[in-house]
Amino acid sequence: AAWGAEPQLLEALRDCDYGAWRGQSLEALQATAAQDLAAWLTDPAAAPHGGESQVQLCERVGAWLDAFDEDGHFIVVSHPAVLRAAALHVLRAGAAAFNAIDVEPLGVLRLVRNGRWRLRL
C-alpha cells in the first residue's frame with residue numbers, strides 16, 4: 001500500500017530454479033556435490049541440479065526487460081540472482097559475468113528506461 005499499487009507476482013522475475021539444490025546451502029553442496037557445484041559456478045550453461053542454468057535465468061529476465069514498455073516508476077522486489085541477471089542484461093555483459101556480481105541482502109538495483117535500459121548508480 002505504501003508504494004501505491006497492488007503487488008503482482010511475475011513468473012519472469014521469480015528466483016532461479018535450483019532444482020534438487022533448492023533450500024540447500026553452498027556449504028552443504030560443497031560437502032555433497034562439490035564437483036557439480038564447481039561446474040555450475042564456472043559454466044553459466046551448466047545445470048547439474050536439474051533446474052535452470054545461469055544462461056537460462058539471464059535469458060528469462062532479459063526477455064522480460066526487453067518486453068517492458070511502460071512509462072513511470074516501478075518497484076520490483078526479487079531475488080539476488082534476478083538482480084544479477086537484470087544488471088548483466090542492461091550492461092550487455094552476458095552470463096559469463098554472473099558470479100562477478102555480489103548482491104547484499106536487501107540490495108537495490110536501480111534501472112531507468114528512456115528508450116533503452118540504463119543502470120543508474
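1. Charge. The protein carries 10 positive and 15 negative side chains, and the centres of the two sets lie 9 Å apart. In this count Lys and Arg are positive and Asp and Glu negative, with His and the chain ends not counted; each charge is placed at NZ of Lys, CZ of Arg, CG of Asp or CD of Glu.

2. Basis of the values. This is a predicted model, in which local features need pLDDT of at least 70 and side-chain atom pairs count only at pLDDT 80 or more, while totals for chains, interfaces and linings use all residues. Residues are numbered from 1 along each chain as its sequence is written, and side-chain values use heavy atoms, with hydrogens and water left out.

3. Overall architecture. The order of elements along the sequence is α-α-α-α-β-β, that is, 4 helices and 2 strands (DSSP runs numbered from the N terminus: helices H or I of at least four residues, strands E of at least two). Along the principal axes, the C-alpha atoms fill a box of roughly 45 × 30 × 25 Å.

4. Surface and burial. Of the 121 residues, 28% are buried (under 20% relative accessible area, with a 1.4 Å probe and protein chains only). The protein exposes about 8,500 Å², and carbon and sulfur atoms supply 53% of that area (Shrake-Rupley method, 1.4 Å probe).

5. Nonpolar core. The largest nonpolar core has 16 residues, of which Leu57, Cys58, Val61, Leu65 and Phe98 touch the most other members. Such a core is a set of buried Ala, Val, Leu, Ile, Met, Phe, Trp, Tyr and Cys residues joined through side-chain atoms within 4.5 Å. Two or more residues come from each of α3 (54-67) and α4 (80-91), and the largest share, 6 residues, is from α4. Beyond four places in sequence, Leu57 touches Cys16, Glu52, Ala81, Val82, Ala85 and Phe98 (contact: heavy atoms within 4.5 Å).

6. Arginine 84. Which side chain of opposite charge is nearest to this buried residue? Arginine 84, in helix α4, has aspartate 102 at 4.7 Å, and no salt bridge (a side-chain nitrogen of Lys or Arg within 4 Å of a carboxyl oxygen of Asp or Glu). Its contacts, leaving aside neighbours within four places, are Phe98, Asn99, Ile101 and Val103.

7. The segment before α1. Alanine 12 is found in the segment that precedes α1 (26-32). Its C-alpha atom is separated by 9.9 Å from that of glutamate 59, 47 residues apart along the chain. Not counting residues up to four places away, alanine 12 touches Arg60, Val61 and Trp64.

Conventions:
Buried means under 20% relative accessible area, exposed over 50%, partly exposed in between (1.4 Å probe, protein chains only).
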